[in-house]
Amino acid sequence: MIKRLDDTSTTDVSKQLVRMRDSGGAVTLGRVLTLIVKTEPGDDTEAAIAAANEASREHPCRVIVAAAADRRKSARLDAEIRVGGDAGASEVVVLHLYGDLGAHAHAVVTPFLLPDTPVVTWWPGTAPKNPAKDRLGALAGRRILDGTNRFDAQGVLAQRLRSYSPGDTDIAWAQITPWRALLAAAFDRAPARKPTQVRVSGPGPSVGLDLLAGWLAECLRVPTERLTGDLGVQVDCADGLLSLTADGNDTLVRDPGRPDARTPWRERTTGECLAEELRRLDPDETYARALHGTKRLLHTTR
């Protein structure tokens, strides 16, 4: 169910939210967090809402979408309240901020924060240069960015490094979790294995692959190259070559001394990645190490 309120106020939106909850049976009991989603003109707000709804099935929450609209118009608030089948396992408040109101999203969002629950802020598209110092970012203990579709991966990561604060993370980091798990398992099986060099390749710029390479550089402390080419990871070891490659719908794992293995492979959805990032509300120190490790990468084009 969706209720639209044009040229409204936060007070009227709050009253309507209570009425819809009372009449429809939706309650805030069991909401584990408040997820703020901040979008700018040109961002796909509906795709972000769909991803938040998908993630909410694992993490019931209140989703507050602060969608900056046309800043050339006079200040006005239009709102939508979505509950039931239009809101996953959450309740969604969409706030369209026109004119100068777009610069004061934090003031509009604050009345809708659930009491005594953690706050997470997610920028699915355009993000501030320093998320922790942004007013919406300052409300949150966790701040999620999205570098999955950025073509200037090195520039994006350089900005992430300059502005990093504990609690920052990236959807691109969750996107490469399956390969991190496979690589970690390979070294767990052979803890005495001695790596000498790493090569991480992909067909183009990728924040996720750069983070994967940075993570390996920090963990293994060996020269690590980031190459342009077929998608894969190669780790030169004293006992042979450990490699992961995308092969159709599988990941092909070649591990010295073991039969080749295949595991299902597919690109994770934004909702799945968001759900993973919402599983922890403390700073992700491993992400911080991977981000730091990107400074040590040798970028090579072949």
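1. Let's start with V222, which lies in the loop between α8 (207-220) and β10 (224-228); helices (H or I, at least four residues) and strands (E, at least two) are DSSP runs, numbered from the N terminus. The model is predicted, so local features need pLDDT of at least 70 and side-chain atom pairs count only at pLDDT 80 or more, while totals for chains, interfaces and linings use all residues. Residues are numbered from 1 along each chain as its sequence is written, and side-chain values use heavy atoms, with hydrogens and water left out.

2. Is V222 buried or exposed? V222 counts as buried because its relative accessibility is 9%; buried means under 20% relative accessible area, exposed over 50%, partly exposed in between (1.4 Å probe, protein chains only). Beyond its neighbours within four places in sequence, V222 is in contact with P195, T196, Q197, V198, A217 and R296 (contact means heavy atoms within 4.5 Å).

3. Now follow α8 to its partner. In α8, L211, G214, W215, A217, E218 and C219 meet T286, Y287, R289, A290, L291, H292 and G293 in α10.

4. Next, look for the largest nonpolar core, which has 32 residues; such a core is a set of buried Ala, Val, Leu, Ile, Met, Phe, Trp, Tyr and Cys residues joined through side-chain atoms within 4.5 Å. The residues with the most contacts inside it are L183, V200, L212, L216, V233 and V235. Which helix gives the largest share of this core? That is α8, with nine residues.

5. Finally, take V200: not counting residues up to four places away in sequence, V200 touches residues including L209, L212, L216 and V233. A second, separate core of 23 residues includes L33, V92, W122 and I171.
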